[in-house]
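Student: Please show me the model. I would like to go through it by question and answer.

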Amino acid sequence: SQSRYQEDIILKRRTMGLSRFGGEPNSTYETITLKGLMDFNYFRKWATDFSQFSGKVDRQTVVLLLNREYLAEQLLLNDNGRLQYDPGYDRFIYRGVVYRAAGDTLVSQSYNDPMLVDILLQREDLKTGDIIGDAVFP
């Protein structure tokens, strides 16, 4: 069975700016469509479980693989060659489900320059119409 496939993933990236009259800064969310590979995190790349009274809850869900050359062409890399996003505010939407980034790393089979960005995504506990900042998801 094919567990990896390239799909559209929406990145809701928070941008900050001054209000029209120069008062309090306001935030908006920019919608960026990414092409990437999604897969279940079966390698358990990061430990992301936590304890509750009812026992341990495993919050791992999916891993997003993105090509760094593609990201560079889209002007989405920072000076260190990593995807520009803020894990505290930015969200990824895949098949209508909202995820937040729980970690990322550069990976590849290349000798000296990694070709891929690997991002662990955890499902957000949101319901339709929930608000993060000024954006309604999904």
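Tutor: Start with exposure: buried means under 20% relative accessible area, exposed means over 50%, and partly exposed lies in between (1.4 Å probe, protein chains only). This is a predicted model, where local features need pLDDT of at least 70 and side-chain atom pairs count only at pLDDT 80 or more, while totals for chains, interfaces and linings use all residues. Residues are numbered from 1 along each chain as its sequence is written, and side-chain values use heavy atoms, with hydrogens and water left out.

Student: In what order do the elements of the chain run from the N terminus on?

Tutor: Helices (H or I, at least four residues) and strands (E, at least two) are DSSP runs, numbered from the N terminus. Read from the N terminus, the order is β-β-β-β-β-α-β-β-β-β-β.

Student: What share of the chain's residues counts as buried?

Tutor: The accessible surface of the chain is about 8800 Å² (Shrake-Rupley method, 1.4 Å probe). Carbon and sulfur atoms hold 49% of that surface. Of the 138 residues, the buried share is 36%.

Student: Which residues have the most contacts inside the largest nonpolar core?

Tutor: A nonpolar core is a set of buried Ala, Val, Leu, Ile, Met, Phe, Trp, Tyr and Cys residues joined through side-chain atoms within 4.5 Å. The largest one has 22 residues. Strand 1, strand 2, strand 5 (62-67), helix 1 (68-73), strand 6, strand 7 and strand 8 each give two or more residues to this core. Those with the most contacts inside it are L34, L64, L71, L83, F92, I119 and L121.

Student: Which residues does I119 contact, leaving aside neighbours within four places in sequence?

Tutor: Contact means heavy atoms within 4.5 Å. I119 is among the residues with the most contacts inside the core. Its partners beyond those neighbours are V62, V63, L64, L66, L83, Y85, F92, A101, G103 and D104.

Student: How much of the chain's contacts with a separation of 6 or more comes from residues 24 or more positions apart?

Tutor: Count contacts in the chain with a separation of 6 or more. Within that set, the part from residues 24 or more positions apart is 54%.

Student: How many salt bridges does the structure hold?

Tutor: Side chains of opposite charge can pair when their charged atoms come close. Here a salt bridge is a side-chain nitrogen of Lys or Arg within 4 Å of a carboxyl oxygen of Asp or Glu. By that rule, the number of salt bridges in the structure is seven.

Student: How far apart are the closest N and O atoms of R95 and E7?

Tutor: R95 lies in the loop between strand 6 (91-94) and strand 7 (97-107), while E7 lies in strand 1 (residues 5-18), 88 residues away. R95 counts as exposed because its relative accessibility is 61%. E7 counts as buried because its value is 18%. The two form a salt bridge, and the closest N and O atoms are separated by 2.8 Å.

Student: Is K35 buried, partly exposed or exposed?

Tutor: K35 forms a salt bridge with D8, with the closest N and O atoms 2.6 Å apart. The pair joins strand 2 (residues 25-40), which holds K35, to strand 1, which holds D8, across 27 residues. D8 is partly exposed at 40%. K35 has a relative accessible area of 39%, so K35 is partly exposed.

Student: What is the length of the polar contact between the side chains of D113 and R68?

Tutor: D113 lies in the loop between strand 7 and strand 8. The C-alpha atoms of D113 and R68, 45 residues apart along the chain, are separated by 9.8 Å. The polar contact joining their side chains is 2.9 Å.

Note on methods. A polar contact is a pair of N or O atoms within 3.5 Å; within protein, one must be able to donate a hydrogen and the other to accept it, and residues adjacent in sequence count only if both atoms are side-chain atoms.
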